[in-house]
Each structure stands twice: as structure tokens, then as C-alpha cells.
Amino acid sequence: MKKIGMLTSGGDCQGLNAALRGVGKTLYNHYGQEVQIYGIRDGYRGLIEGNYHLMSPQDFSGILTRGGTILGTSREPFKKIRMADENSVDKVASMKLNYNKLQLDCLVVLGGNGTHKTANLLRTEGLNIVSLPKTIDNDIWGTDVTFGFSSAVGIATQVVDAIHTTATSHQRIFIIEIMGHKVGWMTLYAGIGGGADIILIPEIPYDIDIIASVLEKRNTEGKMFSIIAAAEGAISKQEAAMPKKQLKSARAEMKHPSVAYLIADQLSQRINQEIRACVPGHFQRGGSPDAADKILTTRLGTAAAELIIKEQYGYMVGVRNNKMVPVALQEVAGRLKDVPPDSDIVREAKLFGISFGDE
Ligand code: F6P
């Protein structure tokens, strides 16, 4: 009998259930009655607390298009994983204990960057792990794309697109803040896809005076509205020059609720035009996966099950050139995939006339 545990960890995204389904259906298809799958509740928290249940094939039916995660999720910060919790529980020891109690052959982990650090730690502690790259941010190293990204970009693109009509009617400047944590993938894609005039991403620090001059130039050309797609992690050139700690505390002390409001304030001191900030927030993570994510998660889930069948543990399934490939967890953990400022897509966007507020 094969015994497999599954958990979803970190911020949710579209396609989590579809990925679970991909793993589950492939395992049942291969092993029939000879596999038991345990659903672990609320991410690593469930493994720490022993909160799990035996799943059945029916649990994996009808969930391809369902948003969120049927297993629940939580954030268990990696930097605190070695610290005892408020009940003096040693989290790593508890996770090992429950893994061994269940006699698992493998733990399947669906998560983003923080999740992968813990997954790699558990690997070094002797647990068999197979993981899948989940996040709307698309910032996991070792894979061309993460699941959730396409669906979230679709929503963010719709926002950028839809704002055009109201921006035009009122002749306003709109700053749309797009999720993505420390990287600009979502903003870059939604900005291009939604027709933004200016795209601000953390990888290309902006100069507020350059942004103001781009906006003024548009006005002189008779374009009386402008759309700025700003990543939630966008930073100015001055901020980029600060040591990381100083930047962190500057942002923590910021009087504005978020970066879109900060930029709106900075621009209002330079430009005599109405400015509005728009923050779609978690809306971008909600709802069903799109077609691309449904296909991707089914393929990723199947590939994860294949690794389990071959007893190849210690890997994340990544996508490279449209192929599902195993990537060693130690290579993935602790590395960020950000937008290369000299990438083709950035170069093309600039050539097309989109400003990144840097030159
Ligand atoms: O990692 C996904 C993400 O949505 C980021 O884009 C965002 O910075 C963060 O999670 C928000 O976290 P939370 O859901 O904890 O507010």
C-alpha cells in the first residue's frame, strides 16, 4: 500500500484544486485500491498539529474549476519554523512525527517560495517530498511559469483594460496597483495585456520626475488620460539605493496605505490633473483557474504523481520549454525568479512606447 500526504501552503491561488486533482486521479489510476491519500489541513499547520483525513477518489471529482483550496492553507513563515510555537511545540519534530505516524511514502506540497524553503528543510530531515510551483507571483526559481499566474494576470489585465473607459471619461491618471510581492511579472504582463502607458516594477526602479514628464508629454499629444500599472513592490531609484533594512523600515513607516497611493501623492505634487489609485488586491487571487492553468495544473499534478510512482523524491516539478521537469528542491529553495530588466519582453514593451519610469 502506498501512502501519500498532500498539503497546500501559503497564499492560495487559482488552480490549487485542479493540481490536487491531477495528482490524486493519476495515483488512483495507477495504483487502484493500493494507494491511500491523506489530505492535510491548512498547510504545514495541519502536519504540525496532526490535522488530516483519509481522502477518497470522490474528493477529487468536480474540483477542476473550483477556486481556493479544498484542503485549506496557512502561512507558516520559514524563519520561525525552527522556533517553538506558543505551546512550546517543536514544529519540525512534530511534522516528522506525524509523517512517520501516517507511515507516508511521500508528502506532496503545493506552495510558493516560503513553502519550498520548508519543503527542502523537511527533505534534509529525511522526509520524501514532491512539490508543485504555486503562486500568482510567478517568482519560483527553476520553472518557466507557476500555476495561478495566468489566471491572476487575466483578472489584473481586465482591471487595467476596464479602467480605460472611466479614465478617458474623466481625463484622469489612474495608478493600478498589481500584486506580485517582490517581483513584477504580473504587472508586466497585465500592463502589456491591458494597455497601460507606464509600467512600474521592482526590478526597474522608477524616477518620479520621469513619470511626470511622460504623463505631461501624453497631454501635449492630446492624450488626456493615462494608466500606470504599478507593482505592489515598485520602488524608486532613491529607494533602490538604500540598504535593504533601511528600505524596509522606510516602507513600514510610509504614511500611505500602499505604493499606488504613495505614487499618486508624489505625482499630485508635480502634475495638475486628477489622479486616482485603484487596488484590486486579493480579487486577483480569487475565483476559478483559466484554461491555461487548468491544463498546466493537470500536467503538473500528473508529473508529480509520476515522480511518486518512480520513487523519485526531493523534487519540484517545473516547466521548461513546455516540458514537465524535476528540479531538485535544494536548487529551488531560497531563490527568487525576478524579471530580467534586459529581457525581450521588457525591451519589446519599451520599443512599443511603454515607459518603465526609468529613462
Ligand atoms: O504570494 C501571493 C500574494 O498574493 C502576493 O502577491 C501578495 O504580496 C501576498 O500574497 C499577499 O499576502 P496575504 O494573502 O497574506 O495578504
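Tutor: Start with Lys217, which counts as exposed because its relative accessibility is 52% and the cut-off for exposed is over 50%. Keep in mind that this is a predicted model.

Now look for a partner. Lys217 forms a salt bridge with Glu221. Their closest N and O atoms are 3.2 Å apart. Glu221 has 43% relative accessibility, so Glu221 counts as partly exposed. Why can such a pair form? Side chains of opposite charge can pair when their charged atoms come close.

How many salt bridges are there? The count comes to 17. One of them joins Arg172 and Glu274. Here the closest N and O atoms are 3.0 Å apart. Find both ends on the chain. Arg172 sits in the loop between H5 and strand E6 (173-178). Glu274 sits in the loop between helix H10 (259-268) and strand E9 (275-278). The pair therefore ties together parts that are 102 residues apart in sequence. Is Arg172 buried or exposed? Arg172 is at 13% relative accessibility, so Arg172 counts as buried. Glu274 is at 41%, so Glu274 counts as partly exposed.

Move to Lys255. Lys255 makes a salt bridge with Asp265. The closest N and O atoms of this pair are 3.5 Å apart. Lys255 lies in the loop between H9 and H10, while Asp265 lies in helix H10. This bridge therefore links parts that are 10 residues apart in sequence. Lys255 has a relative accessible area of 69%, so Lys255 is exposed. Asp265 is at 21%, so Asp265 counts as partly exposed. Some bridges share partners. Arg45, Glu49 and Glu76 are joined into one network that way.

Next, the positive patch. Which residues gather in a patch of positive charge on the surface? They are Lys79, Lys80, Lys117, Lys182, Lys244 and Lys248. Take Lys244 from that group. Lys244 is found in helix H9 (residues 244-253). Its relative accessibility is 76%, so Lys244 counts as exposed.

Now turn to the rings. The whole structure holds 4 aromatic pairs. Tyr38 and Tyr52 make one of them. Tyr38 belongs to strand E2 (residues 35-40) and Tyr52 to strand E3 (residues 52-54). The pair therefore ties together parts 14 residues apart in sequence. Tyr38 counts as buried, because its relative accessibility is 12%. Tyr52 is partly exposed, with a relative accessible area of 23%.

Phe149 and Tyr189 also pair edge-to-face. Their ring centres are 5.2 Å apart, and their planes are at 75 degrees. Phe149 is at 6% relative accessibility and so counts as buried. Tyr189 is at 34% and so counts as partly exposed. Ring pairs link Phe149, Trp185 and Tyr189 into a cluster.

How values were computed. Residues are numbered from 1 along each chain as its sequence is written. This is a predicted model: local features need pLDDT of at least 70, side-chain atom pairs count only at pLDDT 80 or more; totals for chains, interfaces and linings use all residues. Side-chain values use heavy atoms; hydrogens and water are left out. Patches are made of residues with over 30% relative accessible area and no salt bridge: like charges are joined within 9 Å, nonpolar side chains (Val, Leu, Ile, Met, Phe, Trp, Tyr) within 5 Å. Accessible areas come from the Shrake-Rupley method with a 1.4 Å probe; for residues, only the protein chains shown count as cover. A salt bridge is a side-chain nitrogen of Lys or Arg within 4 Å of a carboxyl oxygen of Asp or Glu. Lys and Arg count as positive and Asp and Glu as negative; His and the chain ends are not counted. The place of a charge is taken as NZ of Lys, CZ of Arg, CG of Asp or CD of Glu. Helices (H or I, at least four residues) and strands (E, at least two) are DSSP runs, numbered from the N terminus. Buried means under 20% relative accessible area, exposed over 50%, partly exposed in between (1.4 Å probe, protein chains only). Rings of Phe, Tyr and Trp (its six-membered ring) pair if their centres lie within 6.5 Å; planes under 30 degrees apart count as stacked, over 60 as edge-to-face and the rest as tilted.
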